Amino acid sequence: MSTQKPLLVAVVGVGLVGSEFISQLLSIPSPSPLKLISLTSSTRTLTLDPNSSSSSAPQLKNEWKSLLSSSSLPADLQSLTTRLTTLVSQDKERVILVDNTSSDSVAALYPTWLAQGINVVTPNKKAYSGDVQLWKDILEASSSQGGGRYLNEATVGAGLPVISTLKELLGTGDKIIKIEGVFSGTMSYIFNEFSTGREGGPAFSAVVGVAREKGYTEPHPADDLNGFDVARKLTILSRIISSFPTSSPSTLPPLQSFKSVKTASLIPPELEGIPTGDEFLARLPAHDAQFAKLREEASKEGKVLRFVGVVDVKGGEVRAGLEKYPTTHPFATSLGGSDNIIMFHTERYSPRPLIIQGAGAGAAVTAMGVLGDVLKLV
């Protein structure tokens, strides 16, 4: 570890991923290169003195939740910004803001933080897949004199080294031909169970229902079946390729937001706008036959159905949707449960692609991806 002064870490968002991140951070053996100085939930803020013995990792690990819940300070990102800016500009401290929320309003503050020299680490996809102007503002703020660094490995594949691999490929001069993968743990589970390459199988609605019971889907399954989560991840990867300084002129279309991705939703038109997940599941069986027909067509060809995302640099297209793959393809043979699998087709990795595979969702692996980014700044 570095012998420099510890990095000061402010955490916004203490839900499932946020709580796991804090636990992992506070489990780093002493002397840790990281000092926790602030915790902000949706309602409260806990300010910590990094030099106080009461802020030591062993003590905080057991007490931070109770300390935060009893704090009298309201959640105030403006005050937090002022404090962190002072630490950077006047005290010459190195500061990291970790955003563990999925909030648009928090993401909108990234350019402000970066311009002040505050590093930003997050699994929040909103800033990197939303309006293109925010993305441009982030790049400009980070590249300005004294600007902070932004790291967002966990926005694609949770703890899997997807973004870092892409940046290393580009940084070492490789050319991306195509990236394709099963980017959604929810879609992975559903189609691993629904389409095996054999004739017949469970009803589509039944598989979606089980996925919801296991916690793989959002409370409203339509939020997964619309494909937007995959579209966001593809937008993030596409923008990295297009903006990389050593990358050749990109043929990829300019994505104004994730909604610019060609996304084939799996929501039957008759079920668009159903207000509750329960009603959606109750009406989904009426559409099982159309999904069964797709499965039957695929199995007759010796193929399986998989919901994939593709960044086709050579073809100039970014798309997400249901596609057929041979039963011998890694998307058919290598996946289990809710795993992600991503294939990088490049000039160097051709004709056999570089493959990254593993758990692409869950609090523990997502928090690991976030903490890994934090440690890159040490």
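In this predicted model, Lys92 is found in the loop between α3 (77–89) and β5 (95–99), where helices (H or I, at least four residues) and strands (E, at least two) are DSSP runs numbered from the N terminus. Residues are numbered from 1 along each chain as its sequence is written. Because the model is predicted, local features need pLDDT of at least 70 and side-chain atom pairs count only at pLDDT 80 or more, while totals for chains, interfaces and linings use all residues; side-chain values use heavy atoms, with hydrogens and water left out.

Most residues other than glycine have a negative phi, and most peptide bonds are trans. Lys92 is not a glycine, yet its phi is positive, at about 55 degrees. Ala158, in the loop between β7 (150–151) and α8 (162–171), is not a glycine either and has a positive phi of about 55 degrees. Are these residues buried or exposed? Lys92 is exposed, with a relative accessible area of 61%, whereas Ala158 is buried, at 3%. Here buried means under 20% relative accessible area, exposed over 50%, and partly exposed in between (1.4 Å probe, protein chains only).

Cis peptide bonds also turn up in loops. One joins Ser30 and Pro31, with omega about 0 degrees, and Pro31 belongs to the loop between α1 (16–25) and β2 (34–40). Another runs from Ser350 to Pro351, with omega near 10 degrees; Pro351 lies between β12 (339–346) and β13 (354–359).

Helix α1 packs with α16 (residues 363–376) at an angle of about 55 degrees, their axes 8 Å apart. This makes α1 oblique to α16. Axes are lines fitted to C-alpha atoms, for helices over the stretch in contact, and angles run from 0 to 180 degrees between N-to-C directions; those under 35 degrees count as roughly parallel, over 145 as roughly antiparallel, 65 to 115 as roughly perpendicular and the rest as oblique. Contact (heavy atoms within 4.5 Å) involves residues including Leu16, Val17 and Phe21 of α1 and Ala363, Met368 and Leu371 of α16.

Seven strands form an open sheet of mixed pairing, in the order β4-β3-β2-β1-β5-β6-β7; two strands pair if DSSP finds at least two bridges between them. At the edges stand β4 (73–74) and β7, each with a single partner strand, so one side of each has no neighbour in the sheet. Strands β1 (residues 7–12) and β2 run parallel and are joined by six bridges, and Leu7 stands opposite Leu34 in β2.
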